[in-house]
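Hi,

Here is the structure I said I would pass on. Have a look through it first, and then read my notes below.

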Protein chains: 2
Amino acid sequence: MTHFTPHQLAFLQTQRVGRLATATSASAPHVIPVCYACDGASLYIALDAKPKRVAPERLRRIRNILENPRVALVIDRYSDDWSQLAYLLIQGTAALVQPDAAEHSRAVILLRQRYVQYLAMPIEQQPVIAIRPATVVEWPNPDSGKPASSAGAL
Amino acid sequence: MTHFTPHQLAFLQTQRVGRLATATSASAPHVIPVCYACDGASLYIALDAKPKRVAPERLRRIRNILENPRVALVIDRYSDDWSQLAYLLIQGTAALVQPDAAEHSRAVILLRQRYVQYLAMPIEQQPVIAIRPATVVEWPNPDSGKPASSAGAL
């Protein structure tokens, strides 16, 4: 598992939403906005607590993860001032962590610290998605010594 | 090719950035923020005009599209007021449109109408990515008659 730099962790904490890409084993990609929390190594995403209200296509991310655990998560900052554009692209694997695991309790606490909305939702009763990063790409490259100056990544 | 509803087109015009997911033929997903324009049927994404400055991983989206044209594009609105969350998930195929095509000229005009930044960038000299939607999922479902009331999709 890779580790985040302090700069990357600060960026992860500042942003409020990421976009999670999964793919079927037949290489059909899927992508959805996700709220997330990070413990410094893994990232956690809560599941909807009301599965009976969830249409099948809204669970596509789960079906994909069970079929093919490879995922990509991008967390970015958009601005019409393109010198302010930034993103972290995290690629790795995803697993479902069940409510009886100690890691699950920690994840729920982290999610509720970031999103007070989750205090009123029984997310502790559902598995959480854990993302184990294998690679992290940061753009603009913090080692390049240059600020972002074009929409290169966009 | 699918068609967008007026409500979906208005949402596409209002938002400024989407996230494009691609996958290798071996089902490894990738996702990146993208600026886009829509002509009512296809969506267009410009390529960086300075390929010599582009690190290989920043062209992953192109390598994936050439290898596997299936893509997913999510365009969403995040708010800490979760009753305001919304997204469009577009799944379809992507193609590279070369600068000598009439469609390319139209795409460049549309991109520059939405992003004045592109007026100063020679995007007309590079191919553009054209996304041909096959399916569009709108959340919250406009036919459900209910406002978004939970973070169901997040």
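Before the sheet, one convention: two strands count as paired when DSSP finds at least two bridges between them. Also bear in mind that this is a predicted model.

**The sheet in chain B**

On that basis, chain B has an open sheet of seven strands in the order β2-β1-β5-β6-β7-β4-β3, with antiparallel pairing. The edges are taken by β2 and β3 (37-38) of chain B, and each has a single partner strand, so one side of each is left without a neighbour in the sheet.

Going through some of the pairs, β5(B) and β6(B) are antiparallel over eight bridges, and B:Ile75 has B:Leu88 in β6(B) as its bridge partner. Next along, β6(B) and β7(B) run antiparallel and are joined by eleven bridges. In that stretch B:Leu96 sits opposite B:Ile129 in β7(B). B:Ile129 turns up again as the bridge partner of B:Ile45, where β4(B) and β7(B), also antiparallel, are joined by four bridges.

**The helices on it**

Helix α1 (residues 6-14) of chain B lies across β3, β5, β6 and β7 of that chain, at about 80° to β6(B). Helix α3 (residues 102-114) of chain B lies across β3, β4 (43-46), β6 and β7, and makes an angle of about 60° with β7(B).

What about helix α2 (residues 60-67) of chain B: which of its residues are buried? They are B:Arg60, B:Arg61, B:Asn64 and B:Ile65. Looking down the axis of α2(B), these fall within an arc of 130°, so they line one face of the helix. That buried set packs against β1 (18-23), β2 (29-34), β5 (70-77), β6 (86-97) and β7 (128-139) of chain B.

**Chain A, and β1 in particular**

Chain A has three helices and seven strands, arranged along the sequence as α-β-β-β-β-α-β-β-α-β. Of its 154 residues, 40% count as buried. If you take the contacts in chain A with a separation of 6 or more, 69% of them come from residues 24 or more positions apart.

With strand β2 (residues 29-34) of chain A it is antiparallel over six bridges, and A:Thr22 stands opposite A:His30. These two strands form a hairpin with five residues between them, and A:Ser27 in the turn has a positive phi of about 70°.

**A:Leu20**

Why does A:Leu20 count as buried? The cut-off is 20 or more other C-beta atoms within 10 Å, and A:Leu20 has 30 such neighbours, so it qualifies. Leaving aside residues up to four places away in sequence, A:Leu20 touches A:Val31, A:Ile32, A:Val34, A:Ile45, A:Arg61, A:Val71 and A:Leu73. By contrast, A:Ser83 is 63 residues from A:Leu20 along the chain, and their C-alpha atoms are separated by 25 Å.

Cheers

Conventions: Residues are numbered from 1 along each chain as its sequence is written. Chains are lettered from A and ligands numbered from 1 in the order in which they are written. This is a predicted model: local features need pLDDT of at least 70, side-chain atom pairs count only at pLDDT 80 or more; totals for chains, interfaces and linings use all residues. A residue is buried if 20 or more other C-beta atoms lie within 10 Å of its own, exposed if 12 or fewer, and partly exposed in between; C-beta atoms are placed from the backbone. The arc is that of the directions from the helix axis to the C-beta atoms. Two residues are in contact if their C-beta atoms, placed from the backbone, lie within 7 Å. Axes are lines fitted to C-alpha atoms, for helices over the stretch in contact, and angles run from 0 to 180 degrees between N-to-C directions.
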